[in-house]
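Dear colleague,

Please find the structure below.

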2 protein chains.
Amino acid sequence: MSYKAPVEQIEFILRHVVPYGEIAATERFSEAGFDTVSAILTEAGKLAGNVLAPLNRNGDETPARLENGKLRSSPGFDEGFRAIAEGGWVGLAADPEHGGMGLPQALNMAVAEMMAGACLSLQLNPLLTQGQIEALEHHASDDLKALYLPKLISGEWSGTMNLTEPGAGSDVGALTTKAERNGDGSYSITGQKIFITWGDSDVTGNVCHAVLARLPDGAKGTRGISLFMVPKLIPDENGNPGVANSLKVVSLEEKTGIHGSPTCVMSYEGATGWLIGEEHKGMAAMFTMMNCARLGVGMQGIGVGEAALQQAVTYAQERIQMGPIIRHPDVRRMLATARAEIFAARAIALACATAIDLERATGDADHAARAAFLTPIAKAYGTDTGWRVADTAVQVHGGMGYIEETGAAQYLRDVRITQIYEGTNGIQAMDLVGRKLSDGGEAAARLLDEILDGAKSAQGDHPELANEVWQAAETLREATQTMLERDLPERFAGAVPYLSAFARVLGGYYHLLAVRAGGEAQLALARVFIRRVLPRFGTDLEEALAGLEDLTAIRDETLAGEMAG
Amino acid sequence: MSYKAPVEQIEFILRHVVPYGEIAATERFSEAGFDTVSAILTEAGKLAGNVLAPLNRNGDETPARLENGKLRSSPGFDEGFRAIAEGGWVGLAADPEHGGMGLPQALNMAVAEMMAGACLSLQLNPLLTQGQIEALEHHASDDLKALYLPKLISGEWSGTMNLTEPGAGSDVGALTTKAERNGDGSYSITGQKIFITWGDSDVTGNVCHAVLARLPDGAKGTRGISLFMVPKLIPDENGNPGVANSLKVVSLEEKTGIHGSPTCVMSYEGATGWLIGEEHKGMAAMFTMMNCARLGVGMQGIGVGEAALQQAVTYAQERIQMGPIIRHPDVRRMLATARAEIFAARAIALACATAIDLERATGDADHAARAAFLTPIAKAYGTDTGWRVADTAVQVHGGMGYIEETGAAQYLRDVRITQIYEGTNGIQAMDLVGRKLSDGGEAAARLLDEILDGAKSAQGDHPELANEVWQAAETLREATQTMLERDLPERFAGAVPYLSAFARVLGGYYHLLAVRAGGEAQLALARVFIRRVLPRFGTDLEEALAGLEDLTAIRDETLAGEMAG
């Protein structure tokens, strides 16, 4: 059950598959060359493997709990978090002005994958803190930045994200939490929030809540929402944690997995908050947090999938049933497919992170569009892959996979949440076919052109594989055109299979790039992906374009199982 | 969270989709006409919905446990089991000579689905007892039958199946449990068994273990294995539970789901047993138990899937996020696909049960071959469908699906074991392409001919749907021919996708039969299946025939994540 961070593979992808080299060539990231990459990944890999991975079972077996209203986190989580903070990992990509390292998101996300693979429950804490740091950097006033950023970046304090309410999940605009102006520049926040990850923490000295709420003159829906910084302990004049704010953790949820991550019901009862960004424009700041978090959640799926797969491979080598079961064709098929998918998902996610960095370093709108387009794919495909791979890992274990002490089932239970939070994968797919195609398909077309070109130039060396990818990309290009002619409800009906098809084509492309730079191992893996995973893009696209007619023709009673009608 | 047994849909399938009418026309089952079907299903539906379903959460929240070596089952399970026993449900299909009702397996399996959908953990007890009854009826001596069958059939005692050992899972032949002749006709059994479902029980007066063990002169492998009846309490001269046998429950496993079903590590320390069948021929008797249990496990998958889907539909009707989410195209797509797959899986399983009954009533070898061919498909597709549907149900719940109190996650955790036990779904698929094609493909060909004929005769009324099914069946026929030309390792590499393709084609066919007999609801559902689920048979078959080459070309180190090589 030991986890070995995939340092080598991530470095390979950064060097040969995604244009990380272009990042290191910019002025902003001139110190993030491949020497830095190696050093950072190696260090993070050690932290993940040696310090965090041993805590993973603790989190599952001894969940975070409330004791007289105070949070008690799982055994060892405090030390684990301190190791993350002291290594400077929370602020890896944060602004050096406030103590961050200013390194690329591509590196930060690679590190996030490793930490999540080692101990997802604990990693959620720095991930959300990073999201809050991003939001503050982009939207907060200088005073707020100066007060909060250094402490968040150092890991002295942690940050949360408060969107969801009982009646407002995917429909954020339905929220009812109220904000009122106190007259002194601060605000008074009242309402209940649910599903607040690490809504309290005994591993940090303060918990900073970024809370969405509506001012009395805020419009209905998402346009009337503002974002507030609501600290658990109100900083005193020296910036140290002072009096307790009027907020509390009402209860913790009992969840299927990530037991070590406290999921809180929060109550704000006239709590004091400070505006982040402008009044009524909270959704913009929240989206900054969410976009970062969405890619981060994709990395979580990949990380947990990697950990589960490593364990399954080890088990399959050691388990003898008429020879080691890793030699059984069906087991080998499962493991090979899983490994090929993990590679693809990781490449897609790192391509997305790279685009974010290039946008930041160059201000180029094409990079921004690329990052925006890839984010929902990275999130949904990364987490769906994590789920499939963790499921495969359980199956490879046979009956032992269902016994909790092996840990295989924990990966499956833990990773399941990643397909749901930060926007369900259905929401991601709708974002892709809706908002992300609202440029008339320009970003998609640019990406597909790159794939078509890349496949063409690989035809000399690997004609068969290259042709498969080229043909798939061409079919996807046509399907995208058709999709653009559809109205939104029709697009939404096909959104999930469309996203799946796009991920398969992207995965095939990145495997092809890996083959060009790699050895026999990359070729063998690419063959598995391109012959076994890619071909299903066709039926994905068929369903993506199947429209809405047959779905509306079915009555609700039929869905419920009734035969009449 | 209330479960409503799908009485109406099961009756529809028996009347219009599978040839149940032929069963009722035989002499053996002459009293099992459709009046009986209605009465039985209605009664069983009430038991499932009113008595068993309310126990399901108890089993999860208060698992079975050992108290001073004695089993304490979950709250209410005793009363639940008594209701099953007193209704005569354990002996529904058992021989009337020993107190059974002698009704068809098709009915018994329909009832099993309902009970499993209501409370899987508890239903495992009668399911395994039924398997033992089958084995005794077919293989035991008259004395053994007379002693055990009446008590098992009445539910006074329960039965278990002891195959697995730490080193012998899928490879049953590797077992090391020893049997020695006592000289008085009894045997002395010594060894350890794991994964023994309901290995102890406080809801029955005795627990009868059917234990595989090897005699000193037993050959290596499966040919040297014998099957023994080893009761927890040795019956006295009056057949009542007497002195305790030398066996014990060492511990209970902590599992991902089915917490209410005690999974025992059993130790036999010179326990007294009696031979079931002949020496060294235990596998034959064990296969009788397993075949029955395999179909039963398929029904479990369908039952839990049905329960999960019902809950998801109710949630989607009540959950408002910009309108009820059941109106959202993506949610509707998920629910409609799930409903269409449940119908298909149920029809396949009931077709399998029907073939078993026809074989028993007529002795016809074609029916036997049909039953044997459909069993692995019914098991694997039933349980894979249950898993997919329970997963869909969690996703439809969004964040609430990950909170245990909603119950959605319990269905997912519970149903996961069904893909593993009684032979993993990989083993099922290998059984299909190995043993079940070892007749040169005759049974497959007969089934495909039936589908092709059926699709042809539906072309008049529903040309589009019928053509899809016909074309798919024709392609599958060709692929089956190709499969027959392959050696076993190559077949095994494609076994899982081959089984999946066969299930899709069968599902399409049964939906077509439903359309011919049903109304608008069946037509709407068939459209969803034939347009969205069936088409993926093509890529399944591509992978089924992809061979082994790319899988053997990958090194173990690559599977483990290393980049070199």
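A salt bridge is a side-chain nitrogen of Lys or Arg within 4 Å of a carboxyl oxygen of Asp or Glu. By this rule, 16 salt bridges cross the interface of chain B and chain A. In one of them the side chains of A:Glu543 and B:Arg536 meet at 3.0 Å, N to O.

Two notes on conventions are needed here. This is a predicted model, in which local features need pLDDT of at least 70 and side-chain atom pairs count only at pLDDT 80 or more, while totals for chains, interfaces and linings use all residues. Residues are numbered from 1 along each chain as its sequence is written, chains are lettered from A and ligands numbered from 1 in the order in which they are written, and side-chain values use heavy atoms, with hydrogens and water left out.

The interface

The contact (heavy atoms within 4.5 Å) takes 98 residues from chain B and 98 residues from chain A. Between them the two chains bury about 8300 Å², 55% of it on carbon and sulfur atoms; buried area is the accessible area (1.4 Å probe) that two parts lose on being put together, summed over both. The rule also finds 56 residue pairs in polar contact across this interface, both residues being at pLDDT 80 or more. A polar contact is a pair of N or O atoms within 3.5 Å; within protein, one must be able to donate a hydrogen and the other to accept it, and residues adjacent in sequence count only if both atoms are side-chain atoms.

The residue B:Ser121

B:Ser121 is found in helix H7 of chain B, residues 120-139 (helices, H or I, of at least four residues, and strands, E, of at least two, are DSSP runs numbered from the N terminus). B:Ser121 has a relative accessible area of 3% and is therefore buried (under 20%; exposed is over 50%, partly exposed in between, with a 1.4 Å probe and protein chains only). A polar atom of its side chain lies 3.3 Å from the backbone nitrogen of B:Gly260. Leaving aside residues up to four places away in sequence, B:Ser121 touches several residues, among them B:Phe77, B:Trp198 and B:Ile258.

The cysteines

The structure holds zero disulfides over all chains, a disulfide being a pair of cysteine sulfur atoms within 2.5 Å. For A:Cys292, the nearest cysteine sulfur, that of A:Cys352, is 10 Å away. A:Cys292 counts as buried because its relative accessibility is 8%.

Yours sincerely
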